[in-house]
Amino acid sequence: MSVIVSCESLSKTYGADELQVHAVDAVNLQINKGDFISLSGPSGSGKTTLLNLIGGLDTATSGKITVDDKRVDKMNKSELADMRLNHIGFVFQAYNLIPVLSAYENIEFIMQLQGIPAENRRAKADAILEEVGLSGMGERRPSQMSGGQQQRVAVARAIVSRPSIVLADEPTANLDSHSSNDLLELMKQLNKEHNTTFVIATHDQQVIDFTQRRIHMLDGKIDMDEKTL
Amino acid sequence: MEKLKLFISLSWRNLWRNYRRTLITFSSIGVGVWAMIVLASLMEAWAMSTFNASINTLTGHAQIHAEKYLQDPNIEYRIDMPDERQTDLLNSDTIKAWSVRVRVPAIVQSERDNAPLMLVGINPQAENNLSFIPNSITKGAYFNDVKSPGILLGKKLAKRLRTDLNKRVVILSQGPNGDIKERGFRVNGIYEVEQEDTESLYAFISIKNAQSMLKIDSDISEISFVLHDLNELDNFLARYKELNKLKNIKQDIKSWAELEPLTLALLDMTSGTIALLTVIMFILIAFGLVNTLLMAVYERTREFGLLQALGMKPTYILYMILIESTFLMGIGVIVGTLLSLSTIVYFSNGLDLGALAEGSTMFGAGRIMYPEINWIQSSIIAIFVWVMGIITSLYPAWRASREVPVETINKAY
């Protein structure tokens with residue numbers, strides 16, 4: 001299995017002197033292509049920080065991170081933006097769709113930044129909307145959709161350009177159990193069909209039970225990393 | 001190109017997210033631009049009114065006198081009638097109208113009162129297209145020829161002298177030898193002009209009467225002329241001076257700018273004032289614009305973080321805000337410019353200053369302004385505001401592009 005993400009002695013420290021907080025503390029981690037991972041742990045355990053570091057949304061205090069063999073910790077802002085655009089998909093707790101754009105346009109946003117022509121974009125957006133079960137809802141704006149539907153659009157946006165890895169931070173936190181289950185089924189299906197790598201930071205046992213690799217964090221360290229059959 | 005389309009689309013839609021605020025900002029920019037262009041046009045109209053009034057009163061585009069006459073406008077300092085070559089030059093195509101005059105300080109006495117004035121002996125026909133007097137007679141009649149009897153008084157002077165049409169007044173003035181010359185005249189006409197000072201200052205008689213009264217044969221005090229094209233003035237004056245030099249004639253030849261330094265200063269001041277007002281108005285607009293854009297940026301910090309998280313480079317965020325500002329300024333500027341041009345066209349047949357005219361006429365301007373569309377000036381103001389507005393929005397745009405994704409992305413809506 002090829003390694004998508006590699007973290008070596010990765011640390012992130014906030015504050016200074018005696019007020020220092022080690023949000024991520026010398027973490028070593030390898031994520032392989034096709035992994036479906038849950039990253040769990042109590043609040044403040046460092047799971048979101050680790051996700052942000054992998055996604056290049058935050059910078060490490062020390063250590064190495066590579067995504068697709070590229071050193072994320074050495075990149076400037078512009079290179080990080082390019083890396084996120086072409087290699088990483090994000091799904092956030094609060095959906096984070098662009099409110100002035102329709103579902104189509106939100107999904108096409110990434111492709112538009114990548115310079116993909118309009119005719120190809122719409123075909124891909126149509127296909128992915130069908131895949132996430134939102135056919136016919138492409139013209140709706142986020143405010144005209146339910147939370148579950150918005151999160152499906154967010155997943156569609158995250159995977160439409162076939163990124164190396166999708167990082168999802170508490171994607172089910174704002175959803176009811178039915179919508180959560182649907183979303184997880186969708187992500188698992190995408191993982192199986194397209195071999196898309198998912199890393200899902202969560203508190204939710206339902207999510208953890210869905211994943212085939214379960215990483216648990218405590219005080220900035222990984223204290224458990226197990227695979228299920 | 002795809003990215004540009006995206007930025008334009010996002011910017012345009014973002015503009016209408018808070019349409020009330022956007023409309024208020026459009027309005028403030030529009031009103032500001034409207035005020036700038038209309039004010040600039042009115043100031044120009046006022047300056048032109050001052051210039052035209054000054055030229056039309058008696059000055060013309062230039063005058064020729066004896067040396068020292070302007071320092072001491074005395075009959076002692078007079079010149080000969082233009083000779084053949086000078087006349088040929090004055091009759092050339094460059095000149096629209098010219099005339100000779102006798103102009104001396106005098107005292108007018110009616111049966112009731114007396115007053116100092118400037119007595120002007122004129123050639124009635126030659127004054128057409130040159131000065132105000134042929135078209136300003138509101139009572140009585142203008143002169144028919146260079147020997148016409150009678151005197152033309154301003155309405156204000158006539159009132160002061162408590163005299164009227166067909167009544168007699170006596171003019172006293174110093175002759176060339178220092179003796180006092182006097183002659184009685186019947187009031188032939190009363191003239192009215194917007195500048196009341198002019199009505200008090202000048203009285204007109206025919207030039208032959210002036211010459212015979214003062215015993216100066218065919219001598220004159222001044223030659224005044226206007227050109228078809230004012231841009232030709234320097235060239236013409238140079239030719240006239242050259243002619244005088246060849247014939248060793250010493251005369252004082254001065255352009256309107258030298259004769260009316262106050263008018264020249266007012267014209268210069270107008271350009272400066274327009275520029276200053278434009279800058280001041282822009283500063284007021286700029287505060288509103290920066291405030292609006294900063295508010296829009298602060299409201300959307302999370303969104304800018306999201307856009308960066310999704311792969312938008314910080315410079316793209318900067319472009320997006322600048323495009324937003326371009327729309328915001330552009331619409332405001334276009335609306336303001338169209339409104340201002342409509343306003344100027346509406347008042348182009350004359351804007352009566354009414355009560356404000358008192359102050360205006362003090363500087364020689366007319367009571368009625370005739371604003372005109374100055375395309376170059378309007379374009380400069382509009383483009384200046386537009387471009388400066390975009391430059392001003394660099395700060396909010398820079399702030400937006402500096403948002404760090406991780407600090408904003410997880411904030412709740």
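Author: Happy to. A nonpolar core is a set of buried Ala, Val, Leu, Ile, Met, Phe, Trp, Tyr and Cys residues joined through C-beta atoms within 7 Å. Please keep in mind that this is a predicted model.

With that in hand, the largest nonpolar core has 107 residues. Those with the most contacts inside it include Val33(B) and Val385(B), along with Leu39(A), Val155(A), Ala156(A), Leu167(A) and Val199(A). Helix H11(B) gives this core its largest share, nine residues.

Let's follow Val385(B) to its helix. Helix H13 of chain B runs over residues 375-392, 18 residues in total. From its first C-alpha to its last it reaches 25 Å, close to the 26 Å expected at 1.5 Å a residue. Val385(B) is one of the buried residues of H13(B), and the others are Ser378(B), Ile381(B), Ala382(B), Trp386(B), Gly389(B) and Thr392(B). These residues lie on the same side of H13(B), because they cover an arc of only 135° around the axis.

What do the buried residues of H13(B) pack against? Their partners are four elements of chain B: helix H2 (19-59), helix H9 (261-299), helix H11 (314-346) and helix H14 (394-401).

The face of H13(B) directed away from the buried side carries exposed residues: Trp375(B), Ile376(B), Ser379(B), Ile383(B) and Ile391(B).

Stepping back, the domain assignment of chain B gives domain 1 as 2-54 + 263-408 and domain 2 as 68-249. The C-alpha centres of domain 1 and domain 2 of chain B lie 50 Å apart.

Chain B also meets chain A, with 21 residues of chain B in contact with 21 residues of chain A. On the chain B side, the elements giving two or more residues are helix H1 (2-15), helix H10 (301-309) and helix H15 (405-408). H1(B) supplies the largest share of that side, six residues. By type, the residues on that side of chain B divide into 12 nonpolar, three polar and six charged.

To sum up the helix we began with, H13(B) has its buried residues on the same side, while its face turned away from them carries exposed ones.

Methods: Residues are numbered from 1 along each chain as its sequence is written. Chains are lettered from A and ligands numbered from 1 in the order in which they are written. This is a predicted model: local features need pLDDT of at least 70, side-chain atom pairs count only at pLDDT 80 or more; totals for chains, interfaces and linings use all residues. The expected span of a helix is 1.5 Å times one less than its number of residues. A residue is buried if 20 or more other C-beta atoms lie within 10 Å of its own, exposed if 12 or fewer, and partly exposed in between; C-beta atoms are placed from the backbone. The arc is that of the directions from the helix axis to the C-beta atoms. Two residues are in contact if their C-beta atoms, placed from the backbone, lie within 7 Å. Domain bounds come from an automatic or database domain assignment. Ala, Val, Leu, Ile, Met, Phe, Trp, Tyr, Cys and Pro count as nonpolar, Asp, Glu, Lys and Arg as charged, and the others, Gly among them, as polar.
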